[in-house]
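Subject: Structure handover

Hi there,

Here is the structure I promised to pass on to you. Please open it alongside this email, and have a look before reading my notes.

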Amino acid sequence: MDKFRMIFQFFQSNQESFMNGICGIMALASTQMYSAFDFNCPCLPHYNLAYGLGILLVPPFILFLLGFVLNNNISMLAEEWRRPQGQRGKDPSVLRYMFCSMAQRAMIAPAVWVSVTLLDGKCITCAFCTSVPVDTLGNASHPHLSQGEIQRVLARIPCKEIYNGQQLIANEVAIRYLRCISQALGWCFVLLMTTLAFLVRSLRPCFSQAAFLKSRYWSHYIDIERKLFDETCAEHARSFAKVCIQQFFEGMSTDLVAARCHLPRKAPADAGEAAEKLLGITDQSTMNMALKSWHRCKPPLNLHPPALPTGNGWAGEGQPPTHPSAPQRETAAYYSWV
């Protein structure tokens, strides 16, 4: 249990670790789905190709879309792409980095499905059984069979129980031939995906490491800013609801006192604290205006400490006033490990 707890805490440490865990779970789920899938080739000349290629390509496409749906950054990417310009510009490189990062993670489960399918060989056997070279592997001079009849016989190769063309070509020979080709394609696909991943990981720092760090940092910033904004809105909503409920019960107690129902009344201790968290936004229209303003014109990413006042009456005289000056405001800078 401790190991599972440590793995779960690692997945929750940051957004990338969480999404890597989700993609790993989806990859394992794709292999389980394929192992539990009941593959039934139709064994018909005009349907084998569509069925085999459909099983090979359609589930990876669904898993790819599912990887985008399960990624929390897809809504953040769409919001950042569609929002107005406002006071903060939109960096295309950051949007491109977010999209590429999501696409790379979403491709893991489809790549696993295609690899497992090709290594198993059932889809290729079903799809291309009519393309078996009978001249090389069988008896092409079998009498009393037209080209259409030969195609119908070859289409039954994946179905051993109804195959009746042993005199044309042996069922085991055709299946082994197609399965060898499928496994060769599967290993080539695995090698290609591994090589591409290696090149992306190893060559990217050699060309655009500074741009990559910048895009990665600001993509993290957008994610953290969104989370903090949601938490601030939730805290404001909680304080707003608390003040509304307290005012409602205070009004009810006033009505009961007016009706000569003497009830013990005690002022809540946290009423002032809840009112302070409202930050002056005390009605629905003002809050709606604040939310619209955040979406339309986000504040620029330019933080400066407040400037000291210049018109204080003693500037240029050479001597500061004798009364103690106000304490200076300290500015703390927080750095995020990326």
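First, the ground rules. This is a predicted model, in which local features need pLDDT of at least 70 and side-chain atom pairs count only at pLDDT 80 or more, while totals for chains, interfaces and linings use all residues. Residues are numbered from 1 along each chain as its sequence is written, and side-chain values use heavy atoms, with hydrogens and water left out.

**Disulfides**

Taking a disulfide as a pair of cysteine sulfur atoms within 2.5 Å, the count is two. One of them joins Cys 41 to Cys 126, with 2.0 Å from S to S. Cys 41 sits in the loop between helix H2 (15-36) and helix H3 (48-70) and Cys 126 in helix H7 (residues 122-127), so this link ties together parts that are 85 residues apart in sequence. (Helices are DSSP runs of H or I with at least four residues, numbered from the N terminus.) The link is right-handed, with 75° about the S-S bond. Cys 41 and Cys 126 are buried, where buried means under 20% relative accessible area, exposed over 50%, and partly exposed in between, with a 1.4 Å probe and protein chains only.

The other disulfide joins Cys 43 to Cys 159, at 1.7 Å from S to S. Cys 43 is in the loop between H2 and H3, and Cys 159 is in the loop between helix H9 (147-154) and H10, 116 residues apart. The torsion about the S-S bond is about 85°, so this disulfide is right-handed. Cys 43 and Cys 159 are both buried. Counting bonded cysteines along the chain, the pattern is 1-3, 2-4.

As for other cysteines, Cys 180 is partly exposed at 47% relative accessible area, and Cys 244 is partly exposed at 37%.

**Salt bridges**

A salt bridge here is a side-chain nitrogen of Lys or Arg within 4 Å of a carboxyl oxygen of Asp or Glu. The whole structure has six of them. Among them, Glu 225 pairs with Arg 88, with the closest N and O atoms 2.8 Å apart. That pair connects helix H10 with the loop between H4 and H5, 137 residues apart. Glu 225 is buried at 11%, and Arg 88 is buried at 8%.

Glu 79 and Arg 226 also meet, at 4.0 Å from N to O. Here Glu 79 of helix H4 (residues 73-82) is linked to Arg 226 of helix H10, 147 residues away. Glu 80, Arg 83 and Lys 298 are linked in a network of salt bridges.

**Pocket and patch**

The largest pocket has a volume of about 940 Å³. (On a 1 Å grid over the protein atoms alone, a pocket is an open set of points where a 1.4 Å probe fits, with protein on both sides within 12 Å along at least five of seven lines; lining residues have an atom within 4 Å of a point.) Its lining has 27 residues, and H10 gives the most, with 14 residues.

Finally, Leu 192, Leu 196, Phe 198, Leu 199, Leu 203 and Phe 207 form a nonpolar surface patch with about 630 Å² of accessible area together. (Patch residues have over 30% relative accessible area and no salt bridge, with nonpolar side chains joined within 5 Å.) Leu 192 belongs to helix H10 (residues 171-258).

Best wishes

Terms used:
Patches are made of residues with over 30% relative accessible area and no salt bridge: like charges are joined within 9 Å, nonpolar side chains (Val, Leu, Ile, Met, Phe, Trp, Tyr) within 5 Å. Accessible areas come from the Shrake-Rupley method with a 1.4 Å probe; for residues, only the protein chains shown count as cover. Helices (H or I, at least four residues) and strands (E, at least two) are DSSP runs, numbered from the N terminus. Grid points are joined across faces, edges and corners, and a volume is the space filled by probe spheres set on the points.
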